[in-house]
Amino acid sequence: MITMLVHLAQADYPAVLHTGTLYHYLVTSAVLFVIGLIGFITRLNLIVMFLCTELMFQAAGIALIAFSRFHLNHTGETFVIFVLTIAAAEAALALALVVLLFRRKETLDAGAWRELKG
Amino acid sequence: MSDLVQPILLYIGCALGALGVIIAMPRRGANPQVIGGVLVGAALGAIFLAMGLGVGGSAGLDRLPNINFYVFSFIAIGAALRVVTHPRPVYAALYFILTILASCGLYVILAAEFMAFALVIVYAGAILITYLFVIMLATEAPTEEEAESQPDYDRYSREPIGAAVAGFVLLATLTTLFARGAATLESPAPANVAVKQTQFRPAVEASADDGRRAEGPILLLSLTSDRAVNGRVHLVLGGKPIDLDEETLESGLPVSLAAGENSIGIPLTGVNADQGRGADAWFVAEPLGDSVLAAKLPGRIESALREARDPSDPAKPLVRDDEEVVSIDVARREAVLTTVLDSPQGNNSSQLGTNRTITLPAEFQIDNVEGVAFTLLDEHPGAIEIAGVILLMAMLGAVVLARKKVEMDDAAKLAAQQRHLVVEVGPIVGRDQISGGSIHSASGGAKTHTQSGATQGGLA
């Protein structure tokens with residue numbers, strides 16, 4: 001038990017910082033993604049729905065960084081840059097749309113736009 | 001035993017998590033969010049415990065991440081849960097910043113420092129501020145009598161049970177698939193020295209009948225590498241790391257691996273066969289492309305040489321003040337130095353022009369920012385162009401959308417009137433005429449609002 005605590009607390013710090021395995025990061029990323037997905041489905045507020053998509057982007061970013069770390073190259077990290085770019089573009093466009101929709105109906109309820117068919 | 005316990009724990013964790021998310025979702029009536037949060041926390045604990053059982057195995061604790069990983073994961077996931085469940089969008093955005101910061105911690109553990117700081121600046125600094133502005137712009141000001149109440153769409157959630165069940169079934173599937181391969185994942189490599197591990201398969205066999213180095217069993221490492229690579233072998237026996245040197249390791253240090261199957265024998269002195277079976281070894285590769293990349297940065301190498309200390313005497317610098325770097329051979333990790341004429345010690349003319357060859361310091365390598373930059377510019381230049389074009393188009397689109405004149409719907413106008421907000425009908429009609437027929441509701445809005453109230457009454 002003591003050795004486990006010492007190990008977890010990194011008492012031998014300069015020697016080895018245990019990264020864990022890819023498994024841990026993929027599971028963390030999957031949990032974040034699923035929470036974002038649930039939020040996107042359940043929440044009715046347009047802004048919170050877009051925040052939930054950002055959560056899913058974030059989960060993808062963690063998975064990409066973990067792959068990059070465990071595959072010995074920087075490609076995953078560079079792809080996080082592109083995820084970041086897409087997130088910024090999406091935030092700019094989607095939020096402009098949200099403001100537009102809000103001025104039209106004075107509500108952020110996604111259900112207020114039911115009549116949009118097609 | 002753990003074969004049975006691990007998947008059961010995983011499924012229990014997923015079920016608990018789904019239950020917790022359902023309980024924590026905003027809904028009518030009592031809303032015990034604390035209970036939901038505790039349940040999700042317990043679920044995460046169960047999942048991480050199952051992961052520890054799956055990964056740990058015989059190699060034990062060395063494959064588990066250190067406590068920072070758990071702390072950051074819990075903060076990130078807890079804050080994400082608050083983003084999803086908090087009834088006020090401003091708080092949801094602030095909790096999202098917390099998720100970003102915690103995942104930056106994970107990035108730092110994964111030796112991706114540049115992306116961690118870029119994420120804080122871009123996400124927490126720029127994107128989330130945009131969100132906060134929009135939340136402020138697009139939230140109805142509460143009237144005085146209902147100052148505490150939230151709009152309906154923030155207080156209720158749509159299909160929380162179905163969504164949570166679907167989401168956590170997806171999570172259970174994913175984690176089970178990950179768990180199948182977890183036992184074959186590589187052992188950890190030290191991240192804080194920025195070296196990385198390679199494809200690795202340890203096959204530990206202890207044999208006492210090797211005649212040449214007779215004293216103990218021999219640890220046979222079988223390493224599968226997809227390319228030629230240099231690196232070091234680390235060995236842990238009974239929880240204690242063991243120093244390997246050229247004497248114990250037949251091929252010397254650092255070990256050069258060819259592409260394909262390699263095997264390395266390490267004699268374990270003073271250890272019997274049973275103890276030898278408990279030994280854990282891993283291979284840490286030096287990043288292969290580094291010497292090629294470093295050759296593109298001669299100035300960087302020279303400044304690193306100037307800062308380096310002599311390995312035999314840490315008090316002395318590796319390059320003396322009166323020396324200049326003549327040439328650098330990165331592939332062989334050597335540099336040629338020469339003494340300069342007009343240095344304080346250069347009065348002795350016999351030392352003029354003396355060349356000296358030194359090896360580059362072992363810790364010298366491409367750092368994270370340089371690695372990301374090289375990958376970005378060398379391998380993905382087209383993607384940068386596309387990303388720039390996307391950003392530009394998004395900016396233009398946002399400007400066009402923001403300049404568009406929009407009229408309120410009839411129903412929204414009526415609702416606003418009912419909330420005792422001041423709706424000045426006259427100017428709105430005027431703006432309708434200016435904006436022409438570009439908006440389909442404009443013609444309806446231009447009619448008298450008594451008529452619109454009548455149609456609204458008919459709809460209701």
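Trainee: In this predicted model, how are helix 3 of chain B and helix 4 of chain B oriented to each other, roughly parallel or roughly antiparallel?
Mentor: The axes of helix 3 (residues 67–85) of chain B and helix 4 (residues 89–109) of chain B come within 8 Å and cross at roughly 160°. Angles over 145 degrees count as roughly antiparallel. Helix 3 of chain B and helix 4 of chain B are therefore roughly antiparallel.

Trainee: Which residues of helix 3 of chain B make the contact with helix 4 of chain B, and what is the hand of the crossing?
Mentor: From helix 4 of chain B, residues including Ala92(B), Tyr95(B), Phe96(B) and Leu98(B) take part. The crossing of helix 3 of chain B past helix 4 of chain B is left-handed.

Trainee: How many charged residues does that contact of helix 3 of chain B with helix 4 of chain B have?
Mentor: By class, this contact has 14 nonpolar and four polar residues. The number of charged residues is one.

Trainee: How are helix 2 of chain A and helix 3 of chain A oriented, roughly parallel or roughly antiparallel?
Mentor: Helix 2 (residues 22–42) of chain A and helix 3 (residues 46–70) of chain A have axes that come within 8 Å and cross at roughly 170°. That angle makes helix 2 of chain A, relative to helix 3 of chain A, roughly antiparallel.

Trainee: What is the hand of the crossing of helix 2 of chain A past helix 3 of chain A, and how many charged residues does the contact have?
Mentor: Helix 2 of chain A passes helix 3 of chain A in a left-handed crossing. Among the residues in contact are Leu22(A) and Tyr25(A) of helix 2 of chain A, and Val48(A) and Met49(A) of helix 3 of chain A. The contact has 18 nonpolar and six polar residues, and the charged count is no residues.

Trainee: Which helix of chain B gives the largest share of the side that touches chain A?
Mentor: In the interface, 95 residues of chain B are in contact with 78 residues of chain A. The side of chain B that touches chain A has 71 nonpolar, 15 polar and nine charged residues. The largest share, eleven residues, comes from helix 7 (residues 160–182) of chain B.

Trainee: What percentage of chain B is buried?
Mentor: The secondary structure of chain B comes to 16 helices and ten strands. Of its 460 residues, the buried part is 30%.

Notes:
Residues numbered from 1 in each chain as written. Chains lettered and ligands numbered in written order. Predicted model: local features only at pLDDT ≥ 70, side-chain atom pairs only at ≥ 80, totals over all residues. Contact = placed C-beta atoms within 7 Å. Helix = DSSP H or I, 4+ residues; strand = E, 2+ residues; numbered from the N terminus. Nonpolar A, V, L, I, M, F, W, Y, C, P; charged D, E, K, R; others polar. Axes fitted to C-alpha atoms, helices over the stretch in contact; angles between N-to-C directions. Parallel < 35°, antiparallel > 145°, perpendicular 65-115°, else oblique. Left-handed = near helix turned anticlockwise from the far one by under 90°. Buried ≥ 20, exposed ≤ 12 C-beta atoms within 10 Å, placed from the backbone.
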